[in-house]
Structure formats: C-alpha cells, structure tokens
Amino acid sequence: MPPRDITAPSVGGVSTLDAEARIMSLTGGAGAPRKHTAAEVEVHSTPEDLWVIVHGKVYDVTTFVPRHPGGNMIWVKAGGDCTQLFDSYHPLKTQAVLDKYYIGEVQRVKGDEDKIIEYKDDMKKGKFYMDCKVAVERYFKDTKQDPRVHVEMYIKTAVILLGVVVCNYCTFFLTSSFLVSAVFAALHGMWKAEVGVSIQHDANHGAYGKNRGFLHAMQLTLDAVGASSFMWRQQHVVGHHAYTNVEGIDPDIRCAPEKDIRRVNEHQPHEGYHPFQHVYLFFAYGLLSFKSCFADDFNAWASGRIGWVKVAAFTQGESAQFWGAKAIWAAYYLALPAMYSPHSFLRLAALITITEVVTGWLLAFMFQVAHVVGDVRFFQLSEEGKVNLGWGESQLYSSADFAHGSKFWMHFSGGLNYQVAHHLFPGVCHCHYPALAPIIMKVAKEYGLEYAVYPTFWAALTAHFTHLKNVGQKTYVPSLQTVG
C-alpha cells in the first residue's frame, strides 16, 4: 500500500495536519484508522516496499528511502517494530517527518508479544529519556556541532586503517623471523579490534559523517577485516541495542536451553561447570574473532536467525558485499600469505592465531564490561511481551561506564567507556560522549536514578569476572538493586 498524498500547509516540507485530520484523510472520513497486524507489516520488508511500526502506528516510508540521511540504516529492521531504534537514533523533530508516512495502527493479535516488545512510554514531557534528549539536543544546538561529525574521528580512522595495512604486511611478509612477526601479529590484532570498536562501530550505527557514500564505506571496514557488517547490524543494532539485557531477546546475552558454556544472569539455566566459568571464559573470549569470521556469519546466513533476531533478507547489493568481502578477506589474509610468506604453514597458523586471539580478547573485554557486571540489571518480559519501565531507564540500568575523563580510553575503547551515552544516543559520534555524559548524569540525578561508573578499566574488568564467578554458583541470588 503506497503512502497517501495529503495536501496541506507545511513547514519545511512537513505536513502540519494534526493527528485527527490525518486519520480522517487516510480513511476517507470514516474517523477510524486502518488496522494492520504485525504479520501484514512484515511482508513489506525491502527498500522498495518498506513499512515500519513505531509506537503502535504503521508507516510506509518507501518513498523516503532514497533521502534517508542514514542510508541503509532505514531498512535495518524493515517490516518490524522500530520504536526503540527510531527514538534513540533520531532528533525529536524527526517525528514530524515520520508523520507524513502514517498509514494506520497496529492490531495486536496472539503471538505478537514475541514480535513487539513494549516498554513504558518515556518519550513525553516529565520523563527521564525525553529530558535527556532535550538537554543533549540543546547542547549540540548551543555549541553548533554536528552529532555525527568530529575531526578526531577522521584522524583516528586514518591511523587505524594504516595500522591494519602495515601490520598485516609486516606479520606475513616483512621477515622470516617468527618472533618479530609475532609482535606485528599482536599489533595487527589490536588494530583489527580498533576497527571493531571505533570505525565500523560508529559507521554501522549511522554515526559517522554526513555523506552516505562515505558512511557505507566505513561500514564495510568490518567486512575488510573478516566479519560481516550486515550481520553485525542485525545482532547489535536490531537485537542488542533495542532490547539490552532482556533475557531471551538480547542476542548478546543469549544462551542455549542447556549445556551453554556461559551463564550471565540468574534467569539462565545452570550447569555443573559454570562455577569455573570465570576461569575458562578468559581463554574462550580469545576465540571471539575466529568464531565471528569463520562461523557465526555463515550460521546466521544459513539459519536466518541470530538468537531471537530474525535476520533480514539480503538485497542484491548486500549479498554481493557479504560474499565478495569474504572472498577478498580470505584472499589477502589466508591465500596470499600461504603462497608468498617466508613462514611455514605451521608458523602462519600460529601468527593468525595470535592476531585473532588478541582481537577477540580486546573486543570481548571492552564489550562485556559494559553489560555483564554485578552493577547492571537484567530484565525478563511479562507474558504480554512488556518491560516494566521506560526504555531510556532500562538503558541506564543495564549499562556501566568506566574511566570517565580518560582521553586514552575514550579513543582506545571507541567510546565504550561511556556506554550509557552510547546506548541512549547511538547515532552520535563517540568522540562527543565525554561532553554528553555529564548532561545525562545530571538528568539521572534529578530523577533519582543510579548511574554506574567504574573508576578504571581494570575495575570494570574485575567486576565482570567477579560477576561471572558469582552468577556461576547455583545458589546465586542477585541483589535487590539488580533485579529488573
């Protein structure tokens, strides 16, 4: 169903019809909006036919796709409930633009509780998240800065990409000395991790620059180092960011019904080996990059799922990028060294292992300290598919910061040390987070809400492994503060 043409006075191209008048025009004066089930909306899930659900309303945004400032981010959850993503990624004024594409209301039916996850409405005056958004938007207006642009981001991008290229060459081709090559392999792993936490992380959140072509190129830096940016957006943006620490929904904390290697909260099944998880997971985290590049991406493609998340269908371009990037990566990272490196196959395997383990450790450590510690909350859905607090508050309660004020950690972690700011404002370049954190903390204090900050990265990492040790015990009982 194409969007209706509503002729009305406008400001900046946005219709000024109020909600009631829009409904009347859409229904031929019947006075009641059309109803669409979630299953009906799901059918419209391509860039050429794109519907979304936001706050229980249905919008056909197909004609806006070519003009969307975030490029492909508009169809990251095509045909689905995008409420949390819309609220967190867009300035408040964007609602007026979205209203132009309104076509009806959602008619909930049995089974939708697994498709439409509801939080309490905190996008209205007098609520924590609304006050945060107003304050942060005022900051950018007063300082005349673009939320997606920061000169330091461009500089660090050049440094990181140069580091990847130089260390890749030096690891495999510079010398026959295994020791020297091993040092470069470790550095190569570090720079790969920096692509993961900095360049691609901002880009795949739509938070890097104003040019859509450049943004897409920066998204593909993840593909260039072996993992799929498409699958990353499906897991991280669609699943993790929208439903952080929601048991059974957030794919970052998913676990198997039994015999899972990890238990991160009291809602998950306990196995006899979990009391030792704080020991063996230290080593297992080193396999993260291996797992992502060589297994997870292909498993997601084959199964069509990443935990709760139903993986969107590839467009032709996305399919070409996925398979083409995998082929290019395998060629320069595996085939060329095998053909031209002075090292033996055994030594090459060792060098690749060093690179991937360093990458895995850095990524795991910097992401895990943000959401899997004793000072954050984990949530369970009600039978109706609801979380009993506002989305903004849930992000505050499920995230922990570390090392505030450290320029080094802000850059080295890609702003993950300001995790609360990142989750509340994922569409903002991470180099702005040090300025946003005090604003958010001030609003949180006004509402009497706790804001978790560890003084150092070491304190955060210690808290993570301490939590793994505690929750690994069969009799673990969380504190009242962490019951969601």
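The lining of the second largest cavity has 4 nonpolar, 2 polar and 2 charged residues. About 40 Å³ of space lies in this cavity. The model is predicted. It holds 3 cavities of 30 Å³ or more.

**Second largest cavity**

- The lining residues are N72, W75, V76, F230, R233, Q234, A312 and E318.
- Helix 10 gives the largest share of this lining, with 3 residues.

**Largest cavity**

- By class, the lining of the largest cavity divides into 3 nonpolar, 4 polar and 3 charged residues.

**Helix 5 against helix 18**

- Two packed helices are described by the angle between their axes and the distance between the axes.
- Helix 5 (residues 128-143) packs on helix 18 (residues 433-446) at an angle of about 145°.
- The axes of helix 5 and helix 18 lie 10 Å apart.
- The crossing of helix 5 and helix 18 is right-handed.
- On the helix 5 side, the contact uses F128, D131, C132, A135, V136, Y139 and F140.
- On the helix 18 side, A435, L436, I439, I440, V443 and A444 meet them.
- This contact of helix 5 with helix 18 has 12 nonpolar residues, no polar residues and 1 charged residue.
- D131 of helix 5 is the charged residue in that contact.

**Aromatic pairs**

- With ring centres within 6.5 Å as the rule, the count comes to 36 aromatic pairs.
- One of them joins Y59 and Y102: the ring centres are 6.0 Å apart and the planes stand at 70°, so the pair is edge-to-face.
- Planes over 60 degrees apart count as edge-to-face.
- Y59 lies in strand 6 (residues 57-60) and Y102 lies in strand 7 (residues 102-106), so the pair ties together parts that are 43 residues apart in sequence.

Key. Residues are numbered from 1 along each chain as its sequence is written. This is a predicted model: local features need pLDDT of at least 70, side-chain atom pairs count only at pLDDT 80 or more; totals for chains, interfaces and linings use all residues. Side-chain values use heavy atoms; hydrogens and water are left out. On a 1 Å grid over the protein atoms alone, a cavity is a set of points where a 1.4 Å probe fits but cannot get out, and a pocket is an open set with protein on both sides within 12 Å along at least five of seven lines; lining residues have an atom within 4 Å of a point. Grid points are joined across faces, edges and corners, and a volume is the space filled by probe spheres set on the points. Helices (H or I, at least four residues) and strands (E, at least two) are DSSP runs, numbered from the N terminus. Axes are lines fitted to C-alpha atoms, for helices over the stretch in contact, and angles run from 0 to 180 degrees between N-to-C directions. A crossing is left-handed if the near helix is turned anticlockwise from the far one by less than a right angle, and right-handed if clockwise. Contact means heavy atoms within 4.5 Å. Rings of Phe, Tyr and Trp (its six-membered ring) pair if their centres lie within 6.5 Å; planes under 30 degrees apart count as stacked, over 60 as edge-to-face and the rest as tilted.
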